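Open the structure in your viewer and keep the sequence panel beside it. The tour goes from one selection to the next.

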Amino acid sequence: MAPYESDDITLADEAEDLRAGRRKAARYVVPVAVVGVAAATIGLVPALADSGDPDLPKISAQQLIEKIAASDVQQLSGTVKISTDLGLPDFGGLGDAFTGGGSRSGGDGSSADPSTKLTELATGTHTLRVASDGPDKQKVSVLEDAAEYSLIHNGKNVWGYDSKSNEVFHATADESAEHAEEAPATPKDFADEALKAVDDTTSVTVDGTAQVAGRDAYRLVIKPKDDGSTIGQITVAVDAKTGLPLKFTLTPSSGGAAVVDAGFTQVSFAKPAASTFDFTPPKGAKVTEEDSTAAPREHSKPSGAEGFGAGLDGLNVIGDGWDSIAAFDTGGQGVPSGSEAGGAFGGFLDSLGDKVSGTFGEGTVFKTRLINALVTDDGKVYVGAVTKDALVKAADAAK
């Protein structure tokens with residue numbers, strides 16, 4: 001089917017309208033903690049799995065964004081598939097140290113705490129069951145082999161349950177608000193984050209239609225206009241009737257498979273059964289209560305490169321839009337070489353890093369398929385969803 005009206009627009013006003021509309025709409029699922037770097041620039045999956053292009057009325061990009069902003073879906077249930085491929089090497093025994101994985105039942109924490117458990121979504125493919133009934137009842141379950149992790153919000157109570165370790169995490173809705181703001185987990189959450197980055201450095205068009213989870217949808221395409229970004233394009237499948245994003249796809253500028261995939265494979269807008277949100281700790285389960293007396297953890301909701309390094313003293317953002325780079329000084333030495341670090345950790349550093357040099361001196365670029373970071377030998381850091389050459393150029397200019 002031929003592409004729909006593809007009006008290339010700049011959307012500062014429309015992005016503000018989206019944020020206003022989003023504030024009015026109830027959050028329809030409890031978001032889960034995907035690793036910060038992946039969440040910061042949003043990335044999602046291969047081509048939309050559609051079963052034919054539906055014939056829908058034409059719509060402009062501005063109208064489609066307004067439709068997303070006006071969407072107020074509060075009751076739904078369904079299955080979401082998330083696949084993430086940042087191109088990281090096999091961590092082996094180092095995996096837990098870098099992803100926060102593994103059970104913490106032996107320490108003060110709990111394997112059911114969403115701030116640690118759900119970082120596992122940062123790699124591989126996962127299936128989630130989601131349900132919502134208004135702003136006070138949501139549930140997300142991560143299905144594993146012979147196990148399941150569930151995060152349930154019902155009124156004032158928030159429960160996390162890890163069936164593998166038989167551990168339970170409990171908090172009140174107010175105490176756990178930080179968890180609800182940590183990172184996106186559904187196509188709508190990802191789309192909201194991506195649309196925050198829309199400005200005059202962005203091309204936004206409507207490119208035809210698709211069918212996702214049995215629903216007719218429009219394809220909204222978001223592309224950086226400038227060279228230098230590792231992001232090729234983002235495609236959001238938007239439900240034609242409700243305006244709800246059903247699937248989110250990010251293709252890296254380097255080509256190949258998409259970085260992450262998040263999309264509904266099944267969805268219903270019927271009211272879920274009330275029992276869906278009931279939870280009682282199983283007999284013998286270890287229950288950990290949220291420490292309401294502890295100082296709250298600080299979180300940021302990154303928008304593009306501006307989110308990197310938030311909270312660090314001396315943070316400086318170089319450039320704007322999709323090519324922006326966060327720079328800061330650690331005040332220490334650069335990253336040691338593999339031989340200096342030694343052992344498995346040294347091998348890990350060597351597998352990730354490329355040695356580079358320039359007017360700034362020497363350093364190492366650590367790379368994924370989406371986020372790259374240059375750490376100079378004198379301890380300065382440049383990070384963003386940009387190419388290695390862009391990082392070196394920024395370091396040279398700052399010298």
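Two strands count as paired if DSSP finds at least two bridges between them. The model on screen is predicted.

**Stop 1: the sheet of 12 strands**

Select the strands in the order β7-β8-β9-β10-β11-β1-β2-β3-β4-β5-β6-β12; together they make an open sheet with mixed pairing. At its edges are β7 (202-212) and β12 (286-289), each of which pairs on one side only. From one strand to the next, the twist averages 15°.

Now select β1 (residues 75-84) and β11 (residues 260-268). Eight bridges pair these two strands in the antiparallel sense. Click on threonine 84: its bridge partner in β11 is valine 260.

Helix α7 lies across β1, β8 (215-224), β9 (231-239), β10 (245-252) and β11, and runs at about 55° to β10.

**Stop 2**

Side chains of opposite charge can pair when their charged atoms come close. The structure holds 10 salt bridges.

Show the side chains of arginine 129 and glutamate 148, which form a salt bridge with the closest N and O atoms 3.3 Å apart. Arginine 129 is in strand β2 (residues 124-133) and glutamate 148 in strand β4 (residues 147-154), so the pair ties together parts 19 residues apart in sequence. Arginine 129 is partly exposed, at 41% relative accessibility; glutamate 148 is also partly exposed, at 23%.

Move to aspartate 239 and arginine 215, whose side chains meet in a salt bridge at 2.9 Å, N to O. Aspartate 239 belongs to strand β9 and arginine 215 to strand β8, 24 residues apart. Is aspartate 239 buried or exposed? Its relative accessibility is 0%, so aspartate 239 counts as buried. Arginine 215, at 21%, counts as partly exposed.

**Stop 3: the sheet of six strands**

Select β13-β14-β18-β17-β16-β15, an open sheet of six strands in that order, with antiparallel pairing. The edge strands are β13 (316-318) and β15 (353-358). Here the twist averages 25° from one strand to the next.

Within this sheet, five bridges join β16 (residues 361-367) to β17 (residues 372-376). Phenylalanine 366 stands opposite alanine 373 in β17.

Finish with lysine 367 and aspartate 354, a salt bridge whose closest N and O atoms are 3.1 Å apart. Lysine 367 lies in β16 and aspartate 354 in β15, so the pair ties together parts 13 residues apart in sequence. Lysine 367 is partly exposed at 32% relative accessibility, and aspartate 354 is partly exposed at 24%.

Note on methods
Residues are numbered from 1 along each chain as its sequence is written. This is a predicted model: local features need pLDDT of at least 70, side-chain atom pairs count only at pLDDT 80 or more; totals for chains, interfaces and linings use all residues. Side-chain values use heavy atoms; hydrogens and water are left out. Helices (H or I, at least four residues) and strands (E, at least two) are DSSP runs, numbered from the N terminus. Axes are lines fitted to C-alpha atoms, for helices over the stretch in contact, and angles run from 0 to 180 degrees between N-to-C directions. Contact means heavy atoms within 4.5 Å. A salt bridge is a side-chain nitrogen of Lys or Arg within 4 Å of a carboxyl oxygen of Asp or Glu. Buried means under 20% relative accessible area, exposed over 50%, partly exposed in between (1.4 Å probe, protein chains only).
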